[in-house]
Amino acid sequence: GKSNLSKIHVRKAKLEDVSAISALIRGKIGVWQRFDAQGRVESPPYEALSIYERWLHGGAWMSMETGVIWLNHLLRGGGLPIVIARDTTVVGYAEAYLGDEPDPFGKHVHLGKWHAETQPIQSALMDYLVSLTGEFATKLTASFSAYDTAQADFFGKLGMSEIGRCRHYGVSAQLGQGFYKATEHTKSNPAQIEGWHMPIGRSESARFHWESAFPRLWDAIDGMDTQPIHRLHISAAGHEALVCIQRQLYDARKADVMCWSPKPLTPPLLVALRDWAHRSGYRTLIMALNDANAKLLGADAELLPYQQVTYGMTVGT
């Protein structure tokens with residue numbers, strides 16, 4: 001009842017919260033696993049797993065060590081980490097990202113990863129996000145699987161509706177005729193992508209994906225190089241783009257593509273990506289595209305069964 005609600009408060013996370021946030025999110029993992037030397041699955045205790053083996057169960061919050069690195073990155077400007085507390089106990093966690101993209105997204109606050117189990121915790125979080133959006137942006141957005149009717153219902157009840165959708169495609173890497181230049185790109189300042197499109201890989205928001213892929217946060221972690229990320233600046237027929245190509249974990253010949261650019265997708269950029277990937281040993285590129293950009297794919301692109309929707313609502317004005 002009311003007495004419970006009065007004790008829930010929402011605030012910016014601080015470094016002291018790392019163990020509580022990590023414990024909250026790790027609580028979702030039913031059993032910890034890894035492959036033994038013979039390639040069989042085993043279930044050792046959590047303590048026996050390496051940081052990388054823990055990471056594979058769900059990313060940075062699977063360990064204290066990586067949780068500290070990630071929270072520090074967010075607090076230094078990468079995003080806004082939010083905790084929902086009941087009295088002094090952390091009962092929910094969320095990450096919000098401030099983005100600036102062309103329509104239909106505009107200047108927005110995007111709700112990234114979030115963990116909020118009960119209705120009072122969710123309500124407190126959403127109230128906080130709406131007021132935050134009112135301060136910094138004009139829209140509040142959230143993304144989820146197109147098949148998740150519970151989330152569609154949840155965000156729909158808040159007054160949000162679909163403003164974007166992407167489908168996933170398998171695209172063959174192949175040598176192309178286009179002329180392009182690809183160079184390694186190390187600058188990770190997000191100001192570079194302000195106002196830009198994210199024509200490939202935008203299943204959440206441009207800023208969300210940028211912060212997870214472009215800064216080199218995880219180079220010190222033993223084992224991370226089994227899934228390398230190539231960070232590139234590509235110039236193809238006057239089309240500039242910043243690109244991340246990440247090798248898939250269980251198939252070294254497949255890679256996921258993310259691309260940020262001042263323009264929507266163009267055929268020369270697509271040719272360049274496929275050519276670069278082929279020369280780098282990849283055979284299939286996995287691309288999330290909206291329907292307008294997907295029209296540029298050839299008939300050989302394979303539609304995969306995964307779609308993501310973005311819901312949004314205008315706040316303030």
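This is a predicted model: local features need pLDDT of at least 70, side-chain atom pairs count only at pLDDT 80 or more; totals for chains, interfaces and linings use all residues.
Let me begin with Ala237, which is exposed at a relative accessible area of 64%, where exposed means over 50%, buried under 20% and partly exposed in between, computed with a 1.4 Å probe on protein chains only. Residues are numbered from 1 along each chain as its sequence is written, and side-chain values use heavy atoms, with hydrogens and water left out.

Ala237 sits in the loop between strand 11 (229-236) and strand 12 (239-247); helices (H or I, at least four residues) and strands (E, at least two) are DSSP runs counted from the N terminus. Although Ala237 is a residue other than glycine, its phi is positive, near 50 degrees.

Asp87, in the loop between strand 4 and strand 5, also has a positive phi, about 55 degrees, without being a glycine, and with 44% relative accessibility it counts as partly exposed. Which residues does Lys7 contact, once its neighbours within four places in sequence are left aside? They are Ala85, Arg86 and Asp87, where contact means heavy atoms within 4.5 Å. Lys7 itself belongs to the loop between helix 1 (2-5) and strand 1 (8-12), and its 39% relative accessibility makes it partly exposed. One further loop, between strand 5 and strand 6, holds Pro104, and the peptide bond leading from Asp103 to Pro104 is cis, with omega near 10 degrees.

Now to the helices. Helix 2 (residues 18-26) and helix 4 (residues 64-78) pack at about 115 degrees with their axes 9 Å apart; the axes are lines fitted to C-alpha atoms over the stretch in contact, and the angle, from 0 to 180 degrees, is taken between N-to-C directions. On the helix 2 side, Val18, Ser19 and Ser22 take part, and they meet Met64, Gly67, Val68 and Leu71 of helix 4. The residues of this contact are four nonpolar, three polar and no charged, where Ala, Val, Leu, Ile, Met, Phe, Trp, Tyr, Cys and Pro count as nonpolar, Asp, Glu, Lys and Arg as charged, and the others, including Gly, as polar.

Where do the buried residues of helix 2 lie around its axis? Val18, Ile21, Ser22 and Ile25 are buried, and they fall within an arc of 95 degrees (from the directions axis to C-beta), so they line one face of helix 2. They pack against helix 4, strand 4 (80-86), strand 5 (89-101) and strand 6 (106-116). In helix 4, the buried residues are Thr66, Gly67, Trp70, Leu71, His73, Leu74 and Gly78, and their arc of only 155 degrees puts them on the same side of the helix.

Finally, the whole structure contains 14 aromatic pairs, a pair being rings of Phe, Tyr or Trp (its six-membered ring) with centres within 6.5 Å, stacked if the planes are under 30 degrees apart, edge-to-face if over 60 and tilted otherwise. One of them is the edge-to-face pair of Trp114 and Phe155, at 5.9 Å centre to centre and 65 degrees between the planes. Trp114 lies in strand 6 and Phe155 in helix 6 (residues 149-157), so this pair ties together parts that are 41 residues apart in sequence. Phe155 is buried, at a relative accessible area of 0%, and one aromatic cluster is formed by Trp114, Phe144, Phe154, Phe155 and Tyr311.
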